[in-house]
Amino acid sequence: MDTFVQRFAGKIKGVITGFDRIVFKGCLRPLMFADGAMAFLRSRGVLNKNYKAWVMEQSETLATQADRYAHSICGRGVVPIPSCHERKEKIAHDRQRELGVEHGLIGVWSCVESCSTFRAAYDAQAGFPQLRPIYSRCKHLYFYYDHADYGFMSVRLQTWFPYGIQIAINGREWLRRALAKQKIPFVLHDNKFLHIADYPRAQQLLDTQINARWLPLLGGFLPQTFPAMNKTLGPHLNYYWTLWQSEWATDYIFAAPDDLKPLLDALLRHALITGTGDRVLRYFGRPVNAAGQPHPLANPEVLTRANAWHDGVRIRHWVDQNSVKLYNEHNVLRVEMTMNNPAMFRVFRRPEGRRNSIRKKRMPLRKGIADITIRAQVANDVNRRFMGQMATLKDDRPMRDVLTDISQPSLQNGRRIRALDLTGKDRELLLALADPQYAVAGFTNKQLRRKLCASPWAKGGTDQQLSARVSRHLRLLRDHGLIRKLPCQRKYLLTAQGQLLTTALNAILAASTQQLLDIAA
């Protein structure tokens, strides 16, 4: 069972975990490089010098068909958006409320945004124009739906060659539709469930999303959004789908908002004493103007959409391009792992294109939909580790029970293991390991050297000397059971004992003598 759930079992009504926002990108792989694009044009009988005229004709056809599609369903054509900085999702929600759309197409919008494409330029060596990859700007079409199965979602289509497509689905919206179909009562605010009548069944429905048939699911939107695909590209080209960005969210649904307050106070203290206070954002409902209305410049990324006033906290830790975020809204505490760069995680799989000819080996996690199941497992492990560390904020064990073994030397296989000096020579190292960002993907010798190089623990040594010193201490921490090494990698993670020790050490060093005496009494 989840350590956090065990610690707060009396106050948590239910837990659901699964995808939140997932964004897929589709590309035509043979057209993503210049030689492949020129080979395609030759197959369609288009000369390189006529590339621009051909593309403009196809783009006009695509836009016309989208306008006709929007008119037939919504009674309105494609609506242009003047600025790429406007939030299309908000515009679509406003349209949905205005028209009362319960399911189906909400509307189609267009906006000029940046894109990757090609330009035909004369090549003196070849003696005729050649295609060159460039970054440019072109019209993109946005199709917004409240789908009968997947809820509120969008499709973004580039109208310029090579016609990249992006599909955004929300796992919680998907769950909303599934619960409604099965007539399971629930209370939903934004994309957070404040109450579900049957939590085990809701979790089962979320689990089925991972094993969805993604190719038919994603390809099913092409006939409506890109009806001229076969005419433009021919019958042999198909989109290759990748999961460009995913958010994996675990929601702890408490009985009441007041049950969250002690935990959030502890969370703030933990962030401050571990030196991560710069990652904490505190917010109070919405910022309002003199009339009491939401301020128009309010940043939607960091504000809750609840109308009721409430005190909220958000803390976010970034590692590379991935992050783990913890925040609350009403009676829901959510931990959310956002994955933009899956390659930093290594998993057991076979090389692409050699499925049956070679044994699995540890390789970088891919963005392709083939790795979605593994991606979900990795993200869930990150959330579980992060909340395991948060669970140490509410541990009632006496410190003597935590310190007994590590504060004394021991023998292992005839080798003497020295005791740890928590307030002396080992203090800086243990405090460094308390950084919650290491729960995302672990830590390496190099990361610890960067963190400790300016501290007294480094003793002013060279990088090589510091590397050797860190290696010796990593061995020591493993012997004491405070860290574990990830298989086939040079990365380490804190164990449950290590999480508890580093949290407790930070708390002890931050507390005054009077505070410690009051607690002991």
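The questions and answers below concern a predicted model.

Reader: How are helices α5 and α6 set relative to each other: parallel, antiparallel, perpendicular or oblique?
Author: Helix α5 covers residues 171–181 and helix α6 covers residues 199–210. They pack at an angle of about 125 degrees, with their axes 10 Å apart. Angles of 65 to 115 degrees count as roughly perpendicular and those over 145 as roughly antiparallel. The two helices are therefore oblique.

Reader: Which residues of α6 make the contact with α5, and what is the hand of the crossing?
Author: The crossing of α5 and α6 is right-handed. On the α5 side the contact is made by G171, R172, W174, L175, A178 and L179. On the α6 side it is made by A202, L205, L206 and Q209.

Reader: Where is K183, and what is its phi?
Author: K183 belongs to the loop between α5 and β7, a strand of residues 186–189. K183 is not a glycine, yet its phi is positive. The value is about 55 degrees.

Reader: Which two residues does a cis peptide bond join, and where does P162 lie?
Author: P162 lies in the loop between β5 (151–158) and β6 (165–170). The cis bond has an omega of about 15 degrees. The residues it joins are F161 and P162.

Reader: At what angle do the axes of α15 and α16 cross?
Author: Helix α15 spans residues 445–452 and helix α16 spans residues 463–479. Their axes come within 10 Å, and the crossing is right-handed. The angle is roughly 115 degrees.

Reader: Which residues of α15 meet α16?
Author: From α16, the residues D463, L466, S467, V470, S471 and L474 take part. The contact residues of the two helices divide into four nonpolar, three polar and two charged. Those from α15 are N445, L448 and R449.

Reader: What does S467 contact, leaving aside its neighbours within four places in sequence?
Author: S467 sits in helix α16. With the sequence neighbours set aside, the contacts of S467 are N445 and R449.

Reader: How much space lies in the largest cavity?
Author: The structure holds one cavity of 30 Å³ or more. The space in the largest cavity is about 80 Å³.

Reader: Which elements each supply at least two residues of the lining of the largest cavity?
Author: The lining consists of R385, Q389, L433, D435, P436, Y438, A439, F443, L493, L494 and Q499. Seven of these lining residues are nonpolar, two are polar and two are charged. The elements that each supply at least two are α11 (372–391), α14 (438–441) and β19 (492–494).

Definitions and conventions:
Residues numbered from 1 in each chain as written. Predicted model: local features only at pLDDT ≥ 70, side-chain atom pairs only at ≥ 80, totals over all residues. Heavy atoms only, no water. Axes fitted to C-alpha atoms, helices over the stretch in contact; angles between N-to-C directions. Helix = DSSP H or I, 4+ residues; strand = E, 2+ residues; numbered from the N terminus. Parallel < 35°, antiparallel > 145°, perpendicular 65-115°, else oblique. Left-handed = near helix turned anticlockwise from the far one by under 90°. Contact = heavy atoms within 4.5 Å. 1 Å grid on protein atoms, 1.4 Å probe; cavity = no way out; pocket = protein on both sides within 12 Å on 5 of 7 lines; lining within 4 Å. Points joined across faces, edges and corners; volume = space filled by probe spheres on them. Nonpolar A, V, L, I, M, F, W, Y, C, P; charged D, E, K, R; others polar.
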